[in-house]
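Here is a short briefing on one protein structure. Look at the model first, then read the points below.

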Amino acid sequence: MKEKLKTNLLIPFFLTALYITELTAVYVTSGDVYIRHPWVFIGISLFYTAVLYLIRNQKARYITGIIMLVITGIADTGFVLLFKMTETLFEFPMVNLRGEAVSIFDSLDIDFSFVFIFGTCLACFVVFGRRILSALPKPPKFKNYTLTASVCIIGALAFNMLAVEIVRPFKEVRDDMLYGNRVNAYSELGISGNLLYELANGIFTKTDCGDFTSDELEAYIYDADSVYYSSFPENTEKRYNVITILCESLEWFSFIQDSEKYPNGYNLENPDVLKTLFPNLYRFYGESVVMDNFHSREKTDIAENISLLGAYPTEAFINYSFPSNNISTSLINNLKTIDGGITYSYFHNGYAMFYNRDEYMKNLGFDNVVFGDDMAEKEGFTDWADKSERNLDSQMIQVCKEEMFPADTRFYTYITTITMHGVYAYRENLYEEGYYDALAAAGAALSPSGDTDYDTFIYYCAAVMEFDKALGEIYDYLEENDLLDSTIIALFGDHNTFYQGLSKYVKNTSDTS
């Protein structure tokens with residue numbers, strides 16, 4: 001027994017380094033030092049163990065162990081980075097996002113605690129393994145290597161498959177994204193476990209349609225009898241235009257002072273000055289029906305789908321999974337069956353290919369689809385994305401307002417903004433617009449002590465001032481062209497200001513529920 005332990009000594013040292021690395025990654029993303037449903041990760045480590053055990057050469061084991069630790073550490077670093085930037089777990093549909101998804105990273109928010117501990121584990125394995133390598137006995141050959149290898153590998157893979165099934169009930173909790181009751185922490189499955197779980201479900205698992213087959217569900221969704229047009233009156237005296245604005249990360253605390261709801265928000269001696277900083281948002285707030293129980297908690301694609309489809313669709317019709325579907329039951333395609341005299345346009349000053357919007361918005365029925373890529377060719381629009389900053393919403397309105405709000409035809413225009421999309425840090429374009437100085441003059445200056453959380457709030461508020469300017473541009477153009485009284489504007493946000501924990505900080509809460 002002692003001889004066998006000495007022969008395979010590298011394996012427990014490898015597993016120790018692997019588990020410390022994994023649990024450290026879980027800790028820095030969730031604050032927990034455990035994995036609640038560890039079976040998938042145990043299955044992965046069992047597979048690693050089988051691979052190392054089947055290698056009958058100590059030096060080859062040593063090198064393979066280093067390679068597997070490096071791969072695991074790099075992967076964990078990437079998922080920690082994703083979580084730190086977006087507070088979002090990895091999900092399989094992200095695989096289908098195109099390369100432009102990288103554009104969400106304004107800067108690399110590396111967690112140095114994780115990198116340091118992972119680096120220490122790797123270094124210890126490398127140094128210690130090198131020192132004892134010559135003293136380790138040579139592993140004996142198996143009498144029937146093929147059979148032993150087959151049993152070990154098949155057994156490890158079978159345990160992994162079983163582990164995915166064991167934790168599948170967890171999916172029922174996490175997949176109800178519409179109501180936001182999922183557990184958004186890597187302490188549930190671990191980072192490696194979550195990765196394998198998502199890949200297994202995304203690649204091998206078919207959509208659960210309940211009592212329907214996939215064909216029956218599709219037939220039901222596209223059945224004209226299930227679409228009730230009575231909600232769209234055909235004869236009204238006034239024929240309205242509609243502007244829908246999906247406003248990135250908009251929250252009330254960005255322009256309202258309320259120490260009870262937002263303890264770490266504004267604390268100004270004269271809160272009325274906020275009406276000067278955000279005149280158009282206050283005007284909109286005063287003239288609108290305000291639904292303060294409608295939270296901007298959904299992610300971008302879900303928020304857009306809710307507003308364009310009326311509900312979050314089945315998996316078979318999610319935009320980035322099936323970009324070529326013609327969504328016949330979309331709001332726009334429904335409206336087109338009733339009134340053909342409306343121009344439907346979509347504008348977004350971000351990348352065209354992110355979430356496959358360049359394809360998907362056409363499938364929803366939009367006649368005109370315009371993105372930041374197109375706006376960059378217009379005079380007066382600066383493509384700040386090339387300079388690693390968010391484009392300005394006000395510039396989008398300035399260069400596109402005639403297309404957005406045509407005076408000679410009824411229109412339905414959907415606008416997705418980008419300026420308030422995190423990360424919240426100093427931006428040259430917002431400085432040039434004078435927003436930082438205006439906030440400072442109002443008593444909301446950057447913290448002299450370098451309070452990172454408070455400064456994040458101020459940087460966010462400057463981005464909100466930019467959107468306020470864009471909203472003012474919309475007001476002005478509609479009034480100049482006698483369109484305001486015949487236009488309905490719907491404004492809503494998405495995915496909170498979750499970047500860098502800003503929403504939690506301002507509300508002084510530990511979670512987003």
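Why does phenylalanine 253 count as buried? Phenylalanine 253 counts as buried because its relative accessibility is 0%, where buried means under 20% relative accessible area, exposed over 50% and partly exposed in between (1.4 Å probe, protein chains only). This is a predicted model, in which local features need pLDDT of at least 70 and side-chain atom pairs count only at pLDDT 80 or more, while totals for chains, interfaces and linings use all residues. Residues are numbered from 1 along each chain as its sequence is written, and side-chain values use heavy atoms, with hydrogens and water left out.

**The whole protein**

- The protein has 20 helices and five strands; helices (H or I, at least four residues) and strands (E, at least two) are DSSP runs, numbered from the N terminus.
- Of its 513 residues, 48% count as buried.
- The protein exposes about 25,400 Å², and carbon and sulfur atoms supply 56% of that area, computed by the Shrake-Rupley method with a 1.4 Å probe.
- Among contacts (heavy atoms within 4.5 Å) with a separation of 6 or more, 77% come from residues 24 or more positions apart.

**Aromatic pairs**

- A search of the whole structure finds 31 aromatic pairs; rings of Phe, Tyr and Trp (its six-membered ring) pair if their centres lie within 6.5 Å, and planes under 30 degrees apart count as stacked, over 60 as edge-to-face and the rest as tilted.
- The pair of phenylalanine 253 and phenylalanine 457 is tilted, because the ring centres are 6.2 Å apart and the planes are at 55°.
- Phenylalanine 253 lies in the loop between strand 1 (241–248) and helix 10 (274–277), and phenylalanine 457 in helix 19 (residues 452–480), so the pair ties together parts that are 204 residues apart in sequence.
- Phenylalanine 457 also counts as buried, at 0% relative accessibility.
- Phenylalanine 405 and phenylalanine 411 form a tilted pair, with 5.9 Å centre to centre and 50° between the planes, and both are buried.
- One aromatic cluster includes Trp252, Phe253, Tyr424 and Phe457.

**Charges over rings**

- Arginine 56 lies over the face of tyrosine 53, at 5.2 Å from the ring centre; the criterion is NZ of Lys or CZ of Arg within 6 Å of the ring centre and within 35 degrees of the ring normal.
- Lysine 387 lies over the face of tryptophan 384, at 4.8 Å from the ring centre.

**Helix 3**

- Helix 3 (residues 39–54) has 16 residues and reaches 22 Å from its first C-alpha to its last.
- Buried residues in helix 3 include Val40, Phe41, Ile44 and Tyr48.

Definitions and conventions. Expected span 1.5 Å × (residues − 1).
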